[in-house]
Amino acid sequence: MTALPDGRPARVLPPAPVRAAVIMLAFTAALYVLEAVDQASGGMVDSAAAIYPRDVDGLSGILTAPLLHADYAHLAANSLPFLIFGFLAMSGGPVQWVAVTATIWLVSGLGVWLTSPAPVLGASGIVFGWFLFLLTRGFYARNGRQILLAIVLFLIYGSILWGVLPSDPMVSWQGHLFGAIGGVVAAYWVAKADRLPSRV
């Protein structure tokens, strides 16, 4: 495994894979619980917590909208890549994962708030962000194992990248695009930080 400047390994899998899997399964389960609550409320949760573009009151949706979905079909479509990409994005440990996810979350949400023509909710912006983080991190870090993982993920999931372009008016390509941008930014920051020796 290729090492970082201070001898730490540049990982492609989480250092504690069981813990990472539990975190992602719990996170995904929480999304289903929230969807059940929304269904029981007749959609009131979605209405209250979506991102409403260019509306100051809708700014709070930047924090809440990725946790909600239009229906179970929408949530199910996001679930598998959400689990896989979120798990793999935890290779730098949970603290780094929180920083990466927060960057993607905010960049995606702000981009939607600024550019979307309609209210938006759903975790796909986070999914795209984690995906682009995993695709670009190895190139910034010049790490062969991470680049190999990126190639494998691209071969399996690369077709979803068309989602950053306008197509279905019911799908927020803006969320996908800005989530992807957030992932690239996070990958750059992580690679830059990893090149610095850790403090002891």
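## Exercises on helix packing in a predicted model

The axes of helix 4 and helix 6 cross at roughly 40 degrees and come within 9 Å. The structure is a predicted model, and the exercises below begin with this pair.

**Exercise 1.** Classify the crossing of helix 4 (72–88) and helix 6 (124–141), and describe the contact between them.

*Solution.* 
Step 1. Take the angle of roughly 40 degrees between the two axes.

Step 2. Assign the hand: the crossing of helix 4 and helix 6 is left-handed.

Step 3. List the residues that meet. Helix 4 contributes Asn78, Pro81, Phe82, Phe85, Gly86 and Leu88; helix 6 contributes Ser124, Ile126, Val127, Trp130, Phe131, Leu134 and Arg137.

**Exercise 2.** Determine whether Ser124 and Thr136 are buried or exposed, and identify their contacts beyond four places in sequence.

*Solution.* 
Step 1. Locate the residues. Ser124 lies in helix 6, and Thr136 is found in helix 6 as well.

Step 2. Apply the cut-off, under which buried means a relative accessible area under 20%. Ser124 has a value of 15% and is therefore buried. Thr136, with 18%, is likewise buried.

Step 3. Set aside neighbours within four places in sequence. Ser124 is then in contact with Asn78 and His176, while Thr136 is in contact with Gly183, Val184 and Ala187.

Step 4. Note a separation in space: the C-alpha atoms of Thr136 and Met170 are 28 Å apart, and the two residues are 34 apart in sequence.

**Exercise 3.** Describe the packing of helix 5 (residues 94–115) against helix 8 (residues 173–194).

*Solution.* 

Step 1. Identify the contact residues. Those of helix 5 include Gln96, Val100, Ile104, Val107 and Gly111. Those of helix 8 include Phe178, Gly182, Ala186, Trp189 and Asp194.

Step 2. Sort the residues of the contact: 10 are nonpolar, 10 are polar and 1 is charged.

**Exercise 4.** Compare the span of helix 1 (residues 17–40) with its expected value, and state where its buried residues pack.

*Solution.* 
Step 1. Helix 1 has 24 residues, and the distance from its first C-alpha to its last is 35 Å. This is close to the 34 Å expected at 1.5 Å a residue.

Step 2. The buried residues of helix 1 are Ala20, Met24, Phe27, Thr28, Leu31, Glu35 and Asp38. They pack against helix 2 (44–49), helix 4, helix 5 and helix 6.

Step 3. Just after helix 1, Gly42 takes a positive phi of about 70 degrees.

**Exercise 5.** Examine the backbone and the exposure of Arg54 and Arg142.

*Solution.* 

Step 1. Although not a glycine, Arg54 has a positive phi of about 55 degrees. Arg142 also has a positive phi of about 55 degrees.

Step 2. Place each residue. Arg54 lies in the loop between helix 2 and helix 3 (61–64), and Arg142 in the loop between helix 6 and helix 7 (144–157).

Technical notes: Residues numbered from 1 in each chain as written. Predicted model: local features only at pLDDT ≥ 70, side-chain atom pairs only at ≥ 80, totals over all residues. Heavy atoms only, no water. Axes fitted to C-alpha atoms, helices over the stretch in contact; angles between N-to-C directions. Helix = DSSP H or I, 4+ residues; strand = E, 2+ residues; numbered from the N terminus. Contact = heavy atoms within 4.5 Å. Nonpolar A, V, L, I, M, F, W, Y, C, P; charged D, E, K, R; others polar. Expected span 1.5 Å × (residues − 1). Buried < 20%, exposed > 50% of the residue type's maximum accessible area, 1.4 Å probe, protein only. Left-handed = near helix turned anticlockwise from the far one by under 90°.
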